[in-house]
Amino acid sequence: MRAYVMDGPGRIRLSTVDDPVCGPDEILLATEAVSVCSTDISYFKGHLFPTSWPIIPGHEYVGEVVEVGSSLTGRVGVGQRITYWGQTDFGGMAELRAIRPIFAHDVAARETSWYTTRNFYDADQAAAVAVPDTMDSTAATIVEPLTSVLRSLLINPPRPGDSCVVLGCGPSAQLAIQVLTKVLGAGSVTAVDRVDPRLALSRHNGARLTFNTTTDGPALEQFVHDHQDEFADYVFDALPNVAVGDQGKDVRELAMGLLRPGGLYVIYGATEVPQHISTWLILAKGLHLRATPFDVRLFPMQRSAHVAQVAMTLIDTGVIDVGPVVSDHIDFGDEDEVRRAFAGYGTAGSMKFSLLTPLARTRIEATNTREGELVHAGSGR
């Protein structure tokens, strides 16, 4: 099969690798679409590191079941569309993908785990959910990042009416702003980023106030000073790697300055590069730092399957608008365009890009044909 192989930071190529083998407790999926997220980019930029190279990136995924392992007979069927949330981060940018699924209401499932050497226990299984036939291929890939956002916010929620600050306005943050305002009842959301188009999208998604740390840096510092620790109750830190000095005065310190004493600071963005953080403000104001663990001893994968089901419902019913989260679509076989997209990820306000296989293109064409037939039939009446 064809797959995108990353040999190290800055190096990705379309290659041929062995087809995955479907084990007795696995399903084999033919890839329909896979969206690329900041985690994949962090490996590309050298901000996250696998146990060993090479890797096949990609985990925001939807595929069609082509083979079912013997122990899963009757629990999942050939032809079903499946998306999943997992923690290995790898394997999706390939024509085929094998996973060990665990579904929210599968009473016969037994979860097993292993130690990753990255300081947490991971499940052998992935939190899986069936995708409706009517759901757009790209929208289905956003179930995974929305699941990540919900895992963080449901375990560490603001109180209804709280004043919230979101740091970083990338795709996950855009989902978080919608969850905060549409689902959890935040009183207000203030968004902070350094790219104007992302800040504009944040306002569209429900943020009342925005600051560009590049052009509004002094204004933000003055805003922090004027409110004297009495503005925000809650911070959602969706920033990736931030080098000291990248955004003027440290943006995390400014956010902590906005928090009331005893405020909640939730870490969502991930990097293995050490980050600057103000221990003085944590101590002086008694701030609470929180995060949702990857470790399945604290958050079992089957619980994540329940969260994934909620994410699917929020997207399918239109409560969460995932359209603006993906700014570009690329054919799976366009290697040059994939390289350019990895190298330019996040520039000029761009969001995610999604790789579409011929399977996805066929589904899109069939959907367009059906919709055209319905319009034609309606006009005939």
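Predicted model: local features only at pLDDT ≥ 70, side-chain atom pairs only at ≥ 80, totals over all residues.
Let me begin with disulfides, where a disulfide is counted when a pair of cysteine sulfur atoms lies within 2.5 Å, and by this rule the count here comes to 0. Cys164 is in no disulfide, since the nearest cysteine sulfur, that of Cys169, is 14 Å away. Taken from the side of Cys169, the closest cysteine sulfur is in Cys164, and those 14 Å are too far for a bond.

Residues are numbered from 1 along each chain as its sequence is written, and side-chain values use heavy atoms, with hydrogens and water left out.

Are these two cysteines buried or exposed? The terms work like this: buried means under 20% relative accessible area, exposed means over 50%, and partly exposed is in between, with a 1.4 Å probe and protein chains only. Cys164 counts as buried because its relative accessibility is 0%, and Cys169, also at 0%, counts as buried too.

Now to the sheet. Strands are DSSP runs (E, at least two residues) and helices are DSSP runs as well (H or I, at least four), numbered from the N terminus, and two strands pair if DSSP finds at least two bridges between them. Here 6 strands form an open sheet in the order E13-E12-E11-E14-E15-E16, with parallel pairing. Strand E13 (209-212) and strand E16 (288-290) stand at the edges, each with a single partner strand, so one side of each is left without a neighbour in the sheet. Within this sheet, strand E11 (residues 163-167) and strand E12 (residues 188-193) pair in the parallel sense over 5 bridges, and Leu167 stands opposite Val192 in E12.

Which residue can we look at in the loop between strand E15 (259-267) and helix H8 (279-285)? Ile277 is found there, and because its relative accessibility is 31%, Ile277 counts as partly exposed.

Finally, please find Thr83, which is in strand E5 (residues 81-85) and which, at 0% relative accessibility, counts as buried. The C-alpha atoms of Thr83 and Glu64 are separated by 9.0 Å, although these residues are 19 residues apart along the chain.
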